[in-house]
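Trainee: I would like to go through the terms used for this model and see what each one rests on. Can we start with the pockets?

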Amino acid sequence: MRERVWEAFQWLQTEGAYPEGPLPAATCHVERAAREGWLPKGIGALLVIGPGTHHEVDVLVSKLDHHEAMRTTVLTAYSGERAALIAAGYNADCEDIHDSSLSTGRYDLIFSSNVFEHVFAPYIAIMECRRLLRLGGFFYAVIPTFDTAGGGVTPWHISCLEAKHWSELLNKCGFQVECLTTVLEESVGAGEQYYHIRARAVELQEPHATVLRRLIEAKET
């Protein structure tokens with residue numbers, strides 16, 4: 001029964017939002033982050049969350065200062081999106097970022113663009129990202145500011161939070177925010193604004209350290 005309940009919510013992020021199949025995410029966000037120097041360097045293992053199609057991943061991999069051993073995994077809750085990414089040659093897993101089976105401490109960078117406004121429980125999703133990152137790894141998110149026409153008014157955007165809320169959630173989940181910048185992206189739509197957030201994984205404080213420890217223990221049993 002629990003799986004059926006969760007599937008009812010996931011429909012809002014998958015077939016409900018994209019009835020005609022996955023759409024390519026705007027690559028301008030990755031290009032902006034690279035141009036401004038906000039992307040971290042020397043990434044070994046990369047996890048991209050919900051890119052739609054392969055276009056965003058292609059640009060991200062090309063912009064990162066990576067070596068030949070760089071490994072890229074894509075996580076999506078949408079089976080149609082996974083199929084398109086696999087066809088493009090990427091390793092894609094079909095799971096939800098609230099609760100994945102990926103290995104603890106596996107990644108150097110988790111990147112998501114226009115994803116976290118769709119999550120149902122931001123604390124849980126960010127804590128899962130912290131579990132997946134090595135200590136010192138990076139979380140990078142591009143999120144609408146909701147001050148524009150396409151922001152929180154759309155039925156598909158659930159977590160309509162301001163910058164201070166994202167920053168505090170990241171802090172509680174064991175991240176040090178290094179960059180939180182508001183960007184006007186005219187190429188997406190007139191007056192559309194986005195947060196670019198880069199945060200580094202650090203040691204957690206209590207009681208959140210206990211939450212992460214119990215989460216890791218639950219995943220390993």
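Trainee: Which helix supplies the largest share of the lining of the second largest pocket?

Mentor: That is α5, with four residues of the lining. The model is a predicted one. Both α5 (122-132) and α7 (208-220) give at least two residues to this lining.

Trainee: Which residues line the second largest pocket?

Mentor: The lining consists of W6, H98, D99, A121, Y123, I124, M127, E128, V211 and L215. The space in this pocket is about 180 Å³.

Trainee: How do you know how many of those lining residues are nonpolar, polar or charged?

Mentor: Each residue is sorted by type: Asp and Glu count as charged, while Trp and Tyr count as nonpolar. The lining of the second largest pocket then divides into seven nonpolar, one polar and two charged residues.

Trainee: What is the volume of the largest pocket, and which residues are closest to its centre?

Mentor: The volume of the largest pocket is about 700 Å³. Its lining has 35 residues, and Y18, G50, N114, V115 and H118 are the closest to the centre. By type, the lining of the largest pocket has 18 nonpolar, 12 polar and five charged residues.

Trainee: Why is the pair of F111 and Y140 called stacked?

Mentor: A pair needs ring centres within 6.5 Å, and stacked needs planes under 30 degrees apart. For F111 and Y140 the centres are 5.6 Å apart and the planes are at 20°, so the pair is stacked. The structure holds four aromatic pairs.

Trainee: What makes the pair of F111 and Y140 a tie between parts of the chain?

Mentor: F111 belongs to strand β4 and Y140 to strand β5 (residues 133-144), so the pair ties together parts that are 29 residues apart in sequence.

Trainee: Why does F111 count as buried?

Mentor: Buried means under 20% relative accessible area. F111 has 0% relative accessibility, so F111 counts as buried. Y140 also counts as buried, because its relative accessibility is 0%.

Trainee: Why is the pair of F139 and F175 called tilted?

Mentor: Planes under 30 degrees apart would be stacked and planes over 60 edge-to-face, with the rest tilted. The planes of F139 and F175 are at 50° and the ring centres 5.6 Å apart, so this pair is tilted. F139 lies in strand β5 and F175 in strand β6 (residues 175-184), 36 residues apart. F139 and F175 are both buried.

Trainee: What makes F116, F139 and F175 a cluster?

Mentor: Ring pairs link F116, F139 and F175.

Trainee: Which residues have the most contacts inside the largest nonpolar core?

Mentor: They are I110, F116, F139 and F175, in a core of 34 residues. At least two residues of this core come from each of β1, β4, α5, β5, α6 (163-172), β7 (193-201) and α7. The largest share, five residues, is from α5. Another core, of 24 residues, lies apart from it and includes L60, V61, C179 and Y194.

Trainee: What does F175 contact beyond its neighbours within four places in sequence?

Mentor: F175 is in contact with I126, C129, R130, L133, F139, L170, A199, R200, A201 and V202.

Trainee: Why is L170 called buried?

Mentor: The limit is under 20%, and L170 has a relative accessible area of 2%, so L170 is buried. L170 is in helix α6. Not counting residues up to four places away in sequence, L170 touches I126, F139, F175, V177, I197 and A199.

Trainee: Does S100 count as buried or exposed?

Mentor: S100 has 2% relative accessibility, so S100 counts as buried. S100 sits in the loop between β3 (91-94) and β4. Residues up to four places away aside, S100 touches L75, E95, E128, R131, L132 and K219.

Trainee: Why is A83 called partly exposed?

Mentor: Buried stops under 20% and exposed begins over 50%. A83 has 47% relative accessibility, so A83 counts as partly exposed. A83 lies in helix α4.

Note on methods: Residues are numbered from 1 along each chain as its sequence is written. This is a predicted model: local features need pLDDT of at least 70, side-chain atom pairs count only at pLDDT 80 or more; totals for chains, interfaces and linings use all residues. Side-chain values use heavy atoms; hydrogens and water are left out. On a 1 Å grid over the protein atoms alone, a cavity is a set of points where a 1.4 Å probe fits but cannot get out, and a pocket is an open set with protein on both sides within 12 Å along at least five of seven lines; lining residues have an atom within 4 Å of a point. Grid points are joined across faces, edges and corners, and a volume is the space filled by probe spheres set on the points. Rings of Phe, Tyr and Trp (its six-membered ring) pair if their centres lie within 6.5 Å; planes under 30 degrees apart count as stacked, over 60 as edge-to-face and the rest as tilted. Buried means under 20% relative accessible area, exposed over 50%, partly exposed in between (1.4 Å probe, protein chains only). A nonpolar core is a set of buried Ala, Val, Leu, Ile, Met, Phe, Trp, Tyr and Cys residues joined through side-chain atoms within 4.5 Å. Contact means heavy atoms within 4.5 Å.
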